[in-house]
Amino acid sequence: MSAVAAPERDPGLQPERTRLAWRRTTLSGTVAAVLAVRTALHGGVSAPRLVVGALCCALWLGFLLVAHRRIHTLAATDRPTALTPRYAAAAALCTVALAACASALVL
């Protein structure tokens, strides 16, 4: 009795689509951070608004680092490893915190 070999996985364009999704999300975060800083500086500078604007920039940089690492991992091999829970949590935290800080500036 011969064992049937499992067919080799054909990822198709899935890693490419995932890489492009990370780039689009990074671009969206960039726009949100720029608008948050613009809002913080509009109508006079105050210490709390400046701190929240700086926090938005720091959160954007954190997300940018996670996204860059993931994009690099996706481009490096044909079979990229799964996103670790640590990086997934960091990306989600940065995204939610950036949205919260940006909305705090609007209110």
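Me: Is Val-31 buried, partly exposed or exposed, and at what relative accessible area?
Reply: This is a predicted model. Val-31 lies in helix α1, which covers residues 14-41. Buried needs under 20% and exposed needs over 50%. Val-31 falls in between, so it is partly exposed, with a relative accessible area of 44%.

Me: Which residues form a nonpolar patch on the surface with Val-31?
Reply: The patch has about 280 Å² of accessible area in total. Membership requires over 30% relative accessible area, and Val-31 has 44%.

Me: How many helices and strands does the chain have?
Reply: Read from the N terminus, the elements run α-α-α. The chain therefore comes to three helices and zero strands.

Me: What share of the residues counts as buried?
Reply: The accessible surface of the chain is about 7600 Å², and 68% of that surface belongs to carbon and sulfur atoms. A residue counts as buried under 20% relative accessible area. Of the 107 residues, the buried share is 21%.

Me: Among contacts between residues at least 6 apart in sequence, what percentage joins residues at least 24 apart?
Reply: A contact here means heavy atoms within 4.5 Å. Among contacts between residues at least 6 apart, the share joining residues at least 24 apart is 74%.

Me: Does Thr-26 count as buried or exposed, and what is its relative accessible area?
Reply: Thr-26 is placed in helix α1. Leaving aside neighbours within four places in sequence, Thr-26 is in contact with Trp-60, Phe-63, Leu-64 and Ala-67. The limit for buried is under 20%. Thr-26 is therefore buried, with a relative accessible area of 12%.

Me: Which residue's backbone oxygen does the side chain of Thr-26 reach?
Reply: A polar contact requires N or O atoms within 3.5 Å. The side chain of Thr-26 reaches a backbone oxygen at 2.8 Å, and that oxygen belongs to Trp-22.

Me: Where is Arg-70, and which residues does it touch beyond four places in sequence?
Reply: Arg-70 lies in helix α2, residues 47-76. At 11% relative accessibility it is below the 20% limit, so Arg-70 counts as buried. Not counting residues up to four places away, Arg-70 touches Trp-22, Thr-81, Ala-82 and Leu-83.

Me: How far apart in space are Thr-84 and Arg-70, C-alpha to C-alpha?
Reply: Thr-84 sits in the loop between α2 and α3, and at 35% relative accessibility it counts as partly exposed. Thr-84 and Arg-70 are 14 residues apart in sequence. Their C-alpha separation is 9.9 Å.

Me: What distance separates the C-alpha atoms of Ala-100 and Val-52?
Reply: Ala-100 is in helix α3, residues 85-106. Its relative accessible area of 41% makes Ala-100 partly exposed. Ala-100 and Val-52 are 48 residues apart along the chain, and their C-alpha atoms are separated by 9.9 Å.

Me: What relative accessible area does Cys-56 have?
Reply: Cys-57 counts as partly exposed, at 33% relative accessibility. Cys-56, by contrast, is buried, and its relative accessible area is 0%.

Me: How many salt bridges are counted, and which residue pairs with Arg-19?
Reply: The count is one salt bridge.

Terms used. Residues numbered from 1 in each chain as written. Predicted model: local features only at pLDDT ≥ 70, side-chain atom pairs only at ≥ 80, totals over all residues. Heavy atoms only, no water. Patch = residues over 30% accessible without salt bridge, like charges linked within 9 Å, V, L, I, M, F, W, Y side chains within 5 Å. Areas by Shrake-Rupley, 256 points an atom, 1.4 Å probe, with all protein chains shown as cover. Salt bridge = Lys/Arg side-chain N within 4 Å of Asp/Glu carboxyl O. Helix = DSSP H or I, 4+ residues; strand = E, 2+ residues; numbered from the N terminus. Buried < 20%, exposed > 50% of the residue type's maximum accessible area, 1.4 Å probe, protein only. Polar contact = N/O pair within 3.5 Å; in protein donor to acceptor, adjacent residues only side chain to side chain.
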